[in-house]
Every structure is written in structure tokens, then in C-alpha cells.
Amino acid sequence: MGLFLFILLALISASAVLAMIVTKNQAYNALFLVLAFASLGGLFGLLNAPFIAVVQIIIYAGAIMVLFIFAIMMINLREGLPPEKKRRILYISLVLGLVFLIEIILAASGRLSSLAGTEVTETGNPVDLGRLLFTKYLYPFEITSILIIAALVGALVLLKKKEKE
Amino acid sequence: MIPASYFFILSVILFVLGIIAFFTKRDLLTMFMSVEVMLNAANLAFISLAKATGRLDGQLIVFFVITVAAAEAVIGLAIIILIYRQKKTIRTEDINLMKG
């Protein structure tokens, strides 16, 4: 059952990203991305991380993608490149992607088999996560709040219309 | 029980797809979306390794990654809208200010 769910969700997420590569319309791209993120949330749930799964769906598939769709609505949609130029770029990027894939496989091939045997000791319930967040990772957590304030103020300042002109 | 390495392999595949999308797409918004795909692939790798080692630290790092991704999305979209206001386009081949 678990393996079946994994294969189903993996296929959905990978093919949603593939569909994002193929389609030109940015609004469809954003919706495919929502599908991919939602199925990734399901995969997180399979990995004993239910809280992260919920956070993934609420923040990624919800908030961040709504932000993207707002930006798409503010920018009118247009067509992409003429096909012959795009083909060359496609080949280059395929080669780059394959090189990276081989690199990762070479780097990880020795280590993955040893990981498969270890058993799970902790689960990702919110109590344990919160305890860890407020003890071991307290400083990163506080620095994160500064980051969010900086992003908020930065976005406001960037998009402010000039008073003079 | 699914081995954690399956999830790791899936995260590698998603990351590679994100790279390919980043280089094939020619508009800033979709390129930005493919960066989000890559971040999510990294999240999946973190969680699968957290499961493999039986520790929670990997899951917590995903929280920070999601927070940074949200901040990055806000700033990045603001910059894209600024570019659109000035240039009236978001296609990368039309934005060649630094071309000699």
C-alpha cells in the first residue's frame, strides 16, 4: 500500500513538473506546480513527517503559489520564443541536467544502501518539532523572523510608486 | 516499508527537472517557479535523510527552507514586477541591459 502510494505520488509530481516544462502558458504552469507541491506534501506524509506535510500544502501550494498567480495576473501573458532557438537551449539544458544527474548518482551511490537498513526512532509530531525548534535551533528561528521582516519591508520599498513624477 | 533511498532518488529527479525547466524556459516567472521546484526537491532530500537517520533535525531544516522560500518569493516577484513596469516585458531575451 505504501509503495503504491509512493509510486503514484512520485509519478504525479514528476509528470506535473514535466508538464510545466512543456506548456507555455504561465497560469497553467503555476497550476501544475500546485499539483506537484500537493503531491510532494503527500510524500512528506509518507516519510513520517505529517506536520511538514500540512505546512507544505498550506504555505507552498497555498500561499506562495497564490502569490505567483497574483504576479501572473499583473503581467499579461505572451508567447514564448520561436521554436528553432528553443530547441538548441533544450539540448543544452538536457545535457546539463544529465551531467548533474550522473554527478549526484556517483556521489550518492555508495551511501544510499547503508541508509536503507536503519530504523526510525523519532516521528515528526509537532510537539517534538517545537521542542527542538525552541532549544537547539533557537537562534536560527529568531534570525528567520528578521529575514521575514526584511523581506516584507524590502517588497514594500521596491514596489512603492515614486511620489514625484 | 519504503526505503528512504527511493525518496532520495525522486528528489534528485525533481531537482534535475527543475534545472532543465530553469534553462529551457524563457520568461522570468516560470524560471522562478522552477527555482521553487528545486527548493522542494531539496526539502524532499532533507526529509528522506531525516527518516533514514531517525533524527528530527532534517525536518526542522525544511521549516527554515520553506520560510526562506517564502521570503525569496516575495522579493523575487517584486523584482519581476519592477522589471515589467520598466521594460514592459519579462522575456529574458528582451532584457539585455548588460550585453556589450
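The model is a predicted one.

Chain A contains six helices and zero strands, and along the sequence its pattern reads α-α-α-α-α-α. Of its 165 residues, 23% count as buried. Among the contacts in chain A with a separation of 6 or more, 56% are between residues 24 or more positions apart.

Within chain A, helix H2 (residues 26–46) packs against helix H3 (residues 50–74) at an angle of about 175°, and the two axes are 8 Å apart. Because an angle over 145 degrees counts as roughly antiparallel, H2(A) is described as roughly antiparallel to H3(A). On the H2(A) side the residues that meet H3(A) include Ala30(A), Leu33(A), Phe37(A), Gly41(A) and Phe44(A). On the H3(A) side they include Ile57(A), Tyr60(A), Met65(A) and Phe68(A). By class, this contact comprises 18 nonpolar, five polar and no charged residues.

The next step is the contact between the chains. In total, 58 residues of chain B are in contact with 71 residues of chain A. Helix H1 (4–24), helix H2 (28–53) and helix H3 (57–87) of chain B each supply at least two residues to the side of chain B that touches chain A. The element that gives the most to that side is H3(B), with 20 residues. By class, the side of chain B that touches chain A divides into 43 nonpolar, nine polar and six charged residues.

H2(A) and H2(B) pack at an angle of about 5°, with axes 11 Å apart. Since angles under 35 degrees count as roughly parallel, H2(A) is roughly parallel to H2(B). Among the residues of H2(A) that meet H2(B) are Leu33(A), Phe37(A), Leu40(A) and Leu43(A); among those of H2(B) that meet H2(A) are Met33(B), Val37(B), Leu44(B) and Ile47(B). This contact has twelve nonpolar, four polar and one charged residues.

At 1.5 Å a residue, the 21 residues of H1(B) should span 30 Å, and its end C-alpha atoms are 31 Å apart, which agrees. Of these 21 residues, 16 are buried, so H1(B) is largely enclosed by the rest of the structure. Val16(B) is located in this helix. It counts as buried because it has 23 C-beta neighbours inside 10 Å, where the cut-off is 20 or more. Apart from neighbours within four places in sequence, Val16(B) is in contact with Gly97(A), Phe100(A) and Leu101(A). The C-alpha atoms of Val16(B) and Ala41(B) are separated by 9.0 Å, the two residues being 25 residues apart along the chain.

The largest nonpolar core has 67 residues. Two or more of its residues come from each of helix H1 (2–22), H2 and H3 of chain A and from each of H1, H2 and H3 of chain B. H2(B) gives the largest share, 14 residues. The residues with the most contacts inside the core are Val17(A), Leu33(A), Leu44(B) and Ile47(B). Leu44(B) illustrates how the two chains meet: leaving aside neighbours within four places in sequence, Leu44(B) is in contact with Leu40(A) and Leu43(A), as well as with Phe7(B), Leu10(B), Ser11(B) and Leu14(B).

Note on methods. Residues are numbered from 1 along each chain as its sequence is written. Chains are lettered from A and ligands numbered from 1 in the order in which they are written. This is a predicted model: local features need pLDDT of at least 70, side-chain atom pairs count only at pLDDT 80 or more; totals for chains, interfaces and linings use all residues. Two residues are in contact if their C-beta atoms, placed from the backbone, lie within 7 Å. Helices (H or I, at least four residues) and strands (E, at least two) are DSSP runs, numbered from the N terminus. Ala, Val, Leu, Ile, Met, Phe, Trp, Tyr, Cys and Pro count as nonpolar, Asp, Glu, Lys and Arg as charged, and the others, Gly among them, as polar. A residue is buried if 20 or more other C-beta atoms lie within 10 Å of its own, exposed if 12 or fewer, and partly exposed in between; C-beta atoms are placed from the backbone. The expected span of a helix is 1.5 Å times one less than its number of residues. Axes are lines fitted to C-alpha atoms, for helices over the stretch in contact, and angles run from 0 to 180 degrees between N-to-C directions. Angles under 35 degrees count as roughly parallel, over 145 as roughly antiparallel, 65 to 115 as roughly perpendicular and the rest as oblique. A nonpolar core is a set of buried Ala, Val, Leu, Ile, Met, Phe, Trp, Tyr and Cys residues joined through C-beta atoms within 7 Å.
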